[in-house]
Amino acid sequence: MTQQLITLKKPAAILFDLDGTLVDTAQDLGAALNFVLRQHGMPEKSYEEYRPMASHGAKGLLQLGFGEAIKDIDFGKARQSLLDYYHQHSGVHSCLFPGTEELFAALEARNIPWAIVTNKPYKLAAKVQRQIPALLKSRLLLGGDSLAQRKPDPTPLRMTAHYMQVEANSCWYIGDAERDIEAGRRAGMQTVMCDFGYVGPDDKTELWGADLHISHFTDLIKHLD
C-alpha cells in the first residue's frame, strides 16, 4: 500500500537503484551464494533466507551463508568465486519488477530522463543492463566501483545529477535499502522506498525517512505531473 509522507515535487530526473528496485536478481544471487557454500561443504540457503540480503552485495550474502564460520575462510577468494559464478549465470532468473516498463513509458512520455546508480560492481551491473533491453534507455549507469565513493555516500548521486545537467535537489532517488534512502537524503533528493524490494523482517523502513513508500511502480505515475 502506498504511504505518502509529503507531496513530491515533479522531478527533473529520476535515479534508480538496481537490485531490489528495478530488477529482481535474488534467485541468481542466491544461486551464486549456494554455489560457494557447496564448495565449502556448508548447507545451502533457501530463497526465503537469502532474498532479504540480495541488496547487500557479496559481503552480505557471504555473511548470511557462513555466519560465524566466515572468519575461517579466505573471504577474498570466496567473494571472487561468488562474483564469477554470478557473472556467468546472472540472466537465468533476473527480470524487471512488475510495473517497471509502465513507469519507463510514463517517464518517456513526460520527457523525464532517468539513470541507474547501484553499489553493484559496474561490470556485473552492465551485464544485467544488456540482458534487459528496457534498461538500456538509462542516461547513465554508475556502479559501486565507478567512483571512489559508494552509497550511502551521496557523491555518486550528485555526480549523476551533474552528468544529467540537473540540480540534485530536483531529482528523485528510488531504492529498497536504508543506504539508498540515506544517500538520496544526503544528496538533497526526494526519496522513494520500494517496499516490494529486498526488505528484511527486522528492517524498520518507516524510520529511514523516505518521502514516499510504494508497493508497485505504477503507484509513482500519478506523482509525475
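Tutor: Let us begin with Cys-194, which is buried, its relative accessible area being 0% (buried means under 20% relative accessible area, exposed over 50%, and partly exposed in between, with a 1.4 Å probe and protein chains only). Before going further, please note that this is a predicted model, in which local features need pLDDT of at least 70 and side-chain atom pairs count only at pLDDT 80 or more, while totals for chains, interfaces and linings use all residues. Residues are numbered from 1 along each chain as its sequence is written, and side-chain values use heavy atoms, with hydrogens and water left out.

The cysteine sulfur closest to that of Cys-194 belongs to Cys-95, and at 14 Å it is too far away for a bond. Cys-171 is likewise buried, with 0% relative accessible area. For the sulfur of Cys-171, the closest cysteine sulfur is the one in Cys-194, and the 16 Å between them is too far for a bond. A disulfide is a covalent bond between the sulfur atoms of two cysteines. With the criterion set at a pair of cysteine sulfur atoms within 2.5 Å, the count of disulfides in this model is zero.

The C-alpha atoms of Arg-51 and Val-199 are 8.2 Å apart in space, although 148 residues separate the two in sequence. Arg-51 itself sits in the loop between α2 (47-50) and α3 (57-66), and at a relative accessible area of 19% it counts as buried.

Other loops show particular backbone features. In the loop between β6 (141-142) and α7 (155-163) lies Pro-152, which is joined to Lys-151 by a cis peptide bond with omega of about 15°. Asn-111, in the loop between α5 (100-109) and β5 (114-117), is a residue other than glycine with a positive phi, near 55°. Its relative accessible area of 70% makes Asn-111 exposed. Gln-165, in the loop between α7 and β7 (171-175), also has a positive phi, near 60°, without being glycine. Gln-165 is exposed, at 75% relative accessibility.

These parts belong to a protein with eight helices and nine strands (DSSP runs numbered from the N terminus: helices are H or I of at least four residues, strands E of at least two). Its radius of gyration is 17 Å, close to the 17 Å that the globule rule gives for 225 residues, so the protein is as compact as a globular protein of that length (the radius is taken over C-alpha atoms, and the rule is 2.2 Å times the number of residues to the power 0.38). The C-alpha trace spans about 55 × 30 × 30 Å along its principal axes. Of the 225 residues, 53% are buried, as Cys-171 is. Among contacts with a separation of 6 or more, 68% are between residues 24 or more positions apart.

Methods. Contact means heavy atoms within 4.5 Å.
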